[in-house]
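Hello,

Here is the structure I promised to pass on to you. Please open it first, and then read my notes below.

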Amino acid sequence: MKPGANTRASIGTVRILLLEDSALDAELIGNQLTQAGLRFDIHRVWTREPFIQALEADRCDIILADHVLPQFDGDSALEVARVVAPEVPFIFVSGTLTEELAVKALKRGATDYVVKQRLQRLPDAVLRAVAEASERKMLMRAESALQESRERLQHIADALPVLIAHVDNGQHYGFNNKAYEDWFGVSTQELLGMHLSVLAGSAYTYLQPLIERALAGERMSFESVLPHRDGSSRPVHIDYIPAHLPDGSPSGYYALIQDISARKAAEAALKSLNESLETQVQERTLALRQSEATLHAMFETSFQHQALLSVDGTVLDANSASLDSILATRDEVIGKPFWATPWFAQTQDMPAQVRQMVTTATQGGEVRQEIAIELPTGRRSFDFSMRPLRNVAGNIVAIVSEAVETTERRAAEEALRQSQKMEAVGQLTGGIAHDFNNLLTVIRGNIEMVRGRVERQAGSDTLPLRALDNALRGTERAAALTQRLLAFSRRQPLQPRALDLNRLVVGMSELMRRSLGETVELVVNAGHGLWRAEADPNQLEAAILNLAVNARDAMPDGGRLVIETANVLLDRDYLAQQPDVLIGPYVCIAVTDTGSGMSAETLARAYEPFFTTKEVGRGTGLGLSMVYGFIRQSNGHMQIESEPDRGTTVKLFLPRLLRETAADDDEPVNVAPPSGSGGETILVVEDDEDVRTYSVEYLRSLGYRVLEAADGPSALALLERDGAEVRLLFTDVVMPGMSGRELAVRARERHASLRVLYASGYTRDVIAQSDRLDPDITIVAKPFSQATLATMVREALDRDARGSRAT
């Protein structure tokens, strides 16, 4: 590769040792290097002694040597250079060097060769040789530093009076200190790769479940008995600390084993002396407690962040948990004032608070409070306490600082508050939508009645008809708004089917292209081998179209909209970020635009109903809320990724359908007759008088015999009347006292052939635990039109009591 300008600039001035007896050739070489823009300093020699002196004085970065000289020669110079300065590159520059001699020179250690007839090659050869030499020096320094670090780590581990080892996931030793060799009598070479059951012997049976827990990521601390090289079994205290790779995956564990034979012997001795020497035992116990309190107080509960301070607030020691939180070592904090360490230095006003806490503890008081601090690992919350440490005489000799992290708990509490807020808003909007649907049913029904009469009497005056049509369109828009409210509150009726999402998305592409306009490019990437999912196709199409329209509005100057489908597996790692998601296989629909994106503040409120960033009149703020409610009601999950000016990606996750089911072909449309066939009796049960009156009058106008009741008990009484012969029960779902579902069940216990048609603004009480319609339930959603009511009643009458079509 030919060196470039960056290489020349990075190398700087090159010190050249030139072995050349010809002043003219030396001048030509210098001119060639100068023309190439190379900065250099040439020291020319042409005999042996000056050449060696220059090498020993380290006066060159590279050697350029002629092959033949009057009192010296290039081959001899090469041999001298390989001995005195082997790291300095050596290039032959000669007019008499044949190709065969050049190859031999390269084999003996020369870096390159350039014939004087082609000096234009020399600058690149010099730059390349100097750069390669510099890289070799850097590599050697790095390898030396790494080896030095490893040796230092080994020396530290060997100096500790505990057994230290690393065990991989297969329970084989990968590292051990000298204490392991002394204990088991096995050399490091023999120990590497050995299964730990070989050393543990009979203790392995007891240790195995604890080892498996450590390999699963749990920190273990316990006492056991291990065989010693002298043939005895000695009591030990063992700590298993899980190890992880940089990517977080488990890589075995570290074993720390401490011989506690002396402590056990001391305890046994103290116990035996207790019977006759109680006073002496108490004195020794006090001394032991004082020693343990001073040396081990902060390490007894190693899962907490602990630090030991002097009475003036200087850090004496800190445990690993606290040091890991600030990415520091003990040497970096010991001897410093506690409030000036990285635990508190980056948080405003916190150093002064900690200093005051130290003063309080020094005076004998205890401090406990919750704090939020900025650490190198991020902002984290703790239950923080500080208390004095006293000796047996009651004097304060140190201060103990303890902190229990509450970051995850606080995040979970905040997520719970947000969830409760969304649930409360959902209940409120659901209740409003239910009552509003009743009002819309009455308004729409009466408008349709009036329109029918006006249409028969209007003649040439169409103004009243247009006014009534506008009113009907207003009720339709109001109904759509309430449907979005129900979607957000997860109280809309869903009729899920097995779906091929590739087919559904591709089938919608033409509709979306018309909705997006010519300035937005639509790209559909259908995933290969896509799993099937179960969802309400109409609601899912509405959700996708809603996202597409939102994307279009975010790209007023045009852009690109990509809709992709894929199979995904949401695992425990994802669950850690989204605790309300169930682990398992999902089918994902990702909608990505190149629009304006959202800020973090906007993204945090994206699901809230009525929240919108669009100007007045262009959005209700219910689009994403409706999509969110539908996906959650379908047992799915929704995720939004967005940054300002970098576009938005909305991902819809629907659970994979694992059971076999029929294909999701389009259902046939049954056009039922709008009127009764004569002699058919319908029982209308509705607690809202206006809705009941409208329904009864309209059904009678269709030729049905209609009975009416305001509640469940009254309806059951009518069913028991002689000659009632009711064929269809048309009942509201939510009624005081007895619900529509309960009424239907009790009515069918007495009249098994009775057909049932439900009506409701929302269907929470007739929907099963999965929030989906039971197979035997037919429902007409309020507000309903006259045509819809006529069709649904006729269909219900034409089906048998089990829900199949009558023939």
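To begin with, in which strand does Asp112 lie? Asp112 belongs to strand 5, residues 112–115; strands are DSSP runs of E with at least two residues, helices are runs of H or I with at least four, and both are numbered from the N terminus.

A word on the source: this is a predicted model, in which local features need pLDDT of at least 70 and side-chain atom pairs count only at pLDDT 80 or more, while totals for chains, interfaces and linings use all residues. Residues are numbered from 1 along each chain as its sequence is written, and side-chain values use heavy atoms, with hydrogens and water left out.

Back to Asp112: this residue is buried, with a relative accessible area of 14%. Buried means under 20% relative accessible area, exposed means over 50%, and partly exposed is in between (1.4 Å probe, protein chains only). Not counting residues up to four places away in sequence, Asp112 touches Phe90, Ile91, Phe92, Leu106, Arg121, Ala125 and Arg128, where a contact means heavy atoms within 4.5 Å.

Now for the whole chain. There are 26 helices and 27 strands, and 42% of the 807 residues are buried. Of the contacts between residues at least 6 apart in sequence, 61% join residues at least 24 apart. The accessible surface is about 42500 Å², with 51% of it belonging to carbon and sulfur atoms (Shrake-Rupley method, 1.4 Å probe; for residues, only the protein chains shown count as cover).

Strand 22 (residues 648–655) is worth a look. Six of its eight residues are buried, so the strand is largely enclosed by the rest of the structure. Strand 22 pairs with strand 20 (residues 584–593) in the antiparallel sense over eight bridges; two strands pair if DSSP finds at least two bridges between them. Strand 21 (residues 637–642) also runs antiparallel to strand 22, with six bridges joining them. Thr648 in strand 22 stands opposite Asp593 and opposite Ser642. Five residues lie between the strands in the hairpin of strands 21 and 22, where Asp645 takes a positive phi near 65 degrees.

Finally, the nonpolar cores, which are sets of buried Ala, Val, Leu, Ile, Met, Phe, Trp, Tyr and Cys residues joined through side-chain atoms within 4.5 Å. The largest has 37 residues, of which Leu501, Leu540, Ile544, Leu561 and Met638 touch the most other members. Apart from it lies another core of 30 residues, including Phe184, Leu191, Tyr204 and Ala214.

Best wishes
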